[in-house]
Amino acid sequence: MAVNRSTPAGRVFDAVNVVVLVALAVVTILPFIYVTAGSFAKESELAERSFFLWPREVVTDTYRYIFSTDTFLRSLIVTIAVTAVGMIIQVLLTFTMAYPLAKRHLPGRNLLLNLVIFTMVFSGGLIPTYLIVRELGLLDTYWALILPLAINPFYLIIVKNFFQELPEELQEAAQIDGCTELGVFWRIVLPLSKPIIATMGLFYAVAIWNDFMSPLLYIDDSTKWTLQMFVRQVTVSSDMANTLGQIDPNYIPPEQGLKFSVIVVATVPILLLYPFLQRHFAKGILIGSVKG
Amino acid sequence: MGKVRLRTRLVRYRWLFVLLLPGLAYFAIFRYAPMYGVTIAFQDYLPFLGFSGSPWVGWKHFENLFSSPDFPRVLTNTLILALLNAVFVFPAPIVVALLLNELRLSVLKRAIQSAIYIPHFLSWTIVAALTYLLFALDTGPITQLMNGLFNARFDFLADPDWFRPLVIAQTLWKSVGWGTIIYLAALAGVDPNLYEAARIDGANRWRQMWHVTLPTIRSTIVVMAILLAGNLLDTGFEQIYLLTNSLNRSVAEVFDTYVYFLGITQGAYSYSTAVGLFKAVVGIILIYGVNWLARRFHHTGLF
């Protein structure tokens, strides 16, 4: 919209607006630069300077230290594995359930859809879910981090709406050619759904990677901790020695620096995915909001 | 519809039902079984007797909850955070979206959007970790800045007075940028001719924003307000839990964390389930109630 820009008041507003928004962007970004700079700084520099965006001397001490400890490496590998396996299971379950629900003539479809939608407004809550997970013997297993959250009802509805918009004729033609329903799903529908499969995979992967509540609830055994639990223990509880385990009693780990590098390691995968996330999530949130 | 037709339909769709099965099993086990498990709020749950075998005690746990000194404290803490959210966090993305909408330079606009969306994708653990670094006693950069400015010794992380401002600051940092998306989408749909017409009628930029831009996003604002009201008591477990410590607990404890501490760490399963159920029922009443009000007075509702 080209508004009367020529008035002095309009120009002042434009200038102030740019300043305000740029300041907002800088405030958002600054903590990341600070943490990254800190993670490459010497322990002595961290003690001396409270804030800097570039270390005097770039060193990788903290990274070498955390990657030499079993506990950190293990939590990183566990988190990557749980995220990958979990995402595959979640995508499979979501898509296989969404496809039948997209069929308008499926008997019982409305009932099932209402049951799904009801879970969006009401849930059994923390404790009953915890007791079910415990009854199933899933405590202290990685399945507890995946199965209780296997289908997000919002994503299920988004995928269902997507399937509904695929041309019916294509699927009917395939059936006339002798394809079974399963064949149509596998050979016609899924190949057409690649972009939304990628989007949902990203949605789910980020959610598992970031999940702190599930490991807090279901994982007692600290050798099975995920990265988020680890980050919390090192930065929030400041329980460095117990968390990392002291390998060499004569070596003093760069305590303050470790907090910085652990945060960076837990953040980098998300930042790498960020260009894709931004594009796909923005679309997803809008699809979801248009037809809940 | 006759029985025969239903049967033929069932046969015709048998493979679709096979596809449905894993998803149905998920909803039955992890969504509906816990709903049945809510019955333990009316029992004295004993693990070896299970959901169905534990003795019934009626409203005992609810009576205990409402007469407990914890209840007014937890309710107050939750409501204050909800109020602060409604006052400070809810309007923020609307304002930022309106400002972004006035930005003419599309390269700059996109760059700013890319920057302010990032925190949405980070975990609360990372947000908490950053908070603990930036606000650390004596050493945090923000603490040092504030100490210097006000010639005092701020203890942001332990001082109960600073708990709520920190929570709101975290929420703003994490969610404002992302929150603009939905308003920007609504703003993109405004008919440019409306601005043209308003200008011919002599409206300046402020009046155009007031009379053209705002009315077009009004229904989006109403929908977001309904959602906010429905989630009023959801204060975000992870965020609050990670910022809670023994010194600020008196102001930090909200329903979500109260349920966790009583249920998981102290094993009071039935009592904490009753607390959770109370919260869920209030949530349902709120979402349907606000939706009813919105339909009645504004003719736009969620459902």
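Pro100(A) is buried, with 25 other C-beta atoms within 10 Å; a residue counts as buried if 20 or more other C-beta atoms, placed from the backbone, lie within 10 Å of its own, as exposed if 12 or fewer do, and as partly exposed in between. This is a predicted model, in which local features need pLDDT of at least 70 and side-chain atom pairs count only at pLDDT 80 or more, while totals for chains, interfaces and linings use all residues. Residues are numbered from 1 along each chain as its sequence is written, and chains are lettered from A in the order in which they are written.

**Surroundings of Pro100(A)**
- Pro100(A) belongs to helix α4 of chain A, helices being DSSP runs (H or I, at least four residues) numbered from the N terminus.
- Apart from neighbours within four places in sequence, Pro100(A) is in contact with Leu106(A), Leu16(B), Phe17(B), Leu19(B) and Leu20(B); contact requires C-beta atoms, placed from the backbone, to lie within 7 Å.

**Packing of α4(A) with α8(A)**
- Helix α4 (residues 70–101) and helix α8 (residues 153–165) of chain A pack at about 50°, with their axes 8 Å apart; axes are lines fitted to C-alpha atoms over the stretch in contact, and angles run from 0 to 180 degrees between N-to-C directions.
- The two helices, α4(A) and α8(A), are therefore oblique to each other, a class left over once angles under 35 degrees (roughly parallel), over 145 (roughly antiparallel) and 65 to 115 (roughly perpendicular) are set aside.
- On the α4(A) side, the contact is made by Thr94(A), Phe95(A), Met97(A), Ala98(A), Tyr99(A) and Leu101(A), and on the α8(A) side by Tyr155(A), Leu156(A), Val159(A), Lys160(A) and Phe163(A).
- These residues divide into 9 nonpolar, 1 polar and 1 charged, where Ala, Val, Leu, Ile, Met, Phe, Trp, Tyr, Cys and Pro count as nonpolar, Asp, Glu, Lys and Arg as charged, and the others as polar.

**Contact between the chains**
- In chain A, 73 residues are in contact with 76 residues of chain B.
- Helix α1 (residues 8–39) of chain A supplies the largest share of the chain A side, 13 residues.
- That side of chain A has 49 nonpolar, 20 polar and 4 charged residues.

**Thr220(B)**
- Thr220(B), in helix α12 (residues 205–230) of chain B, is partly exposed, with 19 other C-beta atoms within 10 Å.
- The C-alpha atoms of Thr220(B) and Ala186(B) are separated by 7.3 Å, although these residues are 34 residues apart along the chain.

**Confidence**
- Chain A averages a pLDDT of 86, and 88% of the residues score at least 70; pLDDT is the predictor's confidence in each residue, from 0 to 100.

Terms used. Two residues are in contact if their C-beta atoms, placed from the backbone, lie within 7 Å.
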